Amino acid sequence: MKNSDRRSFLKQTAALGAIAITPALTSCNSSEKTIDMSGKFMHHVFFWLNEPDNVEARKTFEEAVEKLASIETVRYKHIGKPASTNREVIDTTYTYSLLVVFDDAAGHDIYQEHPIHDEFREKSYLWKRVQIYDTV
């Protein structure tokens, strides 16, 4: 196997492995409350911005992605950036990630059809790539 093929395989495997263990987390402790994650529908989206060093583009993206959390079926959200970990199996090439949690697939479906989500998709000129992992 060529090195580039191996690297690509390892990155994909790591991403899928991280997503696969997410449902095993039955709760998430925060200073505000404990969130029961068992049986939830999780929608994890990774974005590669066209201009990751453009401050205005990042601000526009952050404001738009933050607004998604106001959709009534969203129970939990996390907006993140790549951590500073540095191992071959970790993909840190994305600019932002969004994790939103719903009670069930029906909540996710409402989110997908919501006008706020449609408004967010109109900002797709900001990113060159998006990768989505849904888990239950």
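This is a predicted model: local features need pLDDT of at least 70, side-chain atom pairs count only at pLDDT 80 or more; totals for chains, interfaces and linings use all residues.
A polar contact here is a pair of N or O atoms within 3.5 Å; within protein, one must be able to donate a hydrogen and the other to accept it.

I'll start with strand 3, residues 41-49. Nine of its nine residues are buried, so the strand is largely enclosed by the rest of the structure. Phe41, His43, Val45, Phe47 and Leu49 point one way, while Met42, His44, Phe46 and Trp48 point the other way.

What does strand 3 pair with? Strand 5, residues 96-102, runs antiparallel to strand 3 and is joined to it by seven bridges; there, Phe41 stands opposite Phe102. Strand 6, residues 127-135, also pairs with strand 3 in the antiparallel sense, over eight bridges. His43 has Asp134 as its bridge partner in strand 6.

Next, the core. The largest nonpolar core has 20 residues, and those touching the most other members are Phe47, Phe61, Leu68, Leu98, Tyr111, Phe120 and Trp127. Strand 3, helix 2, strand 5 and helix 4 each supply at least two residues of this core. Take Phe120: beyond its neighbours within four places in sequence, it contacts Phe47, Phe61, Ala64, Val65, Leu68 and Trp127.

Now helix 3, residues 105-113. Which of its residues are buried? Gly107, His108, Tyr111 and Gln112 are. They cover an arc of only 140° around the axis, which puts them on the same side of helix 3. Their cover includes strand 3, strand 5, helix 4 and strand 6.

At the start of helix 3, a side-chain oxygen of Asp104 comes within 3.3 Å of the backbone nitrogen of Ala106.

Technical notes: Residues are numbered from 1 along each chain as its sequence is written. Side-chain values use heavy atoms; hydrogens and water are left out. Buried means under 20% relative accessible area, exposed over 50%, partly exposed in between (1.4 Å probe, protein chains only). Helices (H or I, at least four residues) and strands (E, at least two) are DSSP runs, numbered from the N terminus. Two strands pair if DSSP finds at least two bridges between them. A nonpolar core is a set of buried Ala, Val, Leu, Ile, Met, Phe, Trp, Tyr and Cys residues joined through side-chain atoms within 4.5 Å. Contact means heavy atoms within 4.5 Å. The arc is that of the directions from the helix axis to the C-beta atoms.
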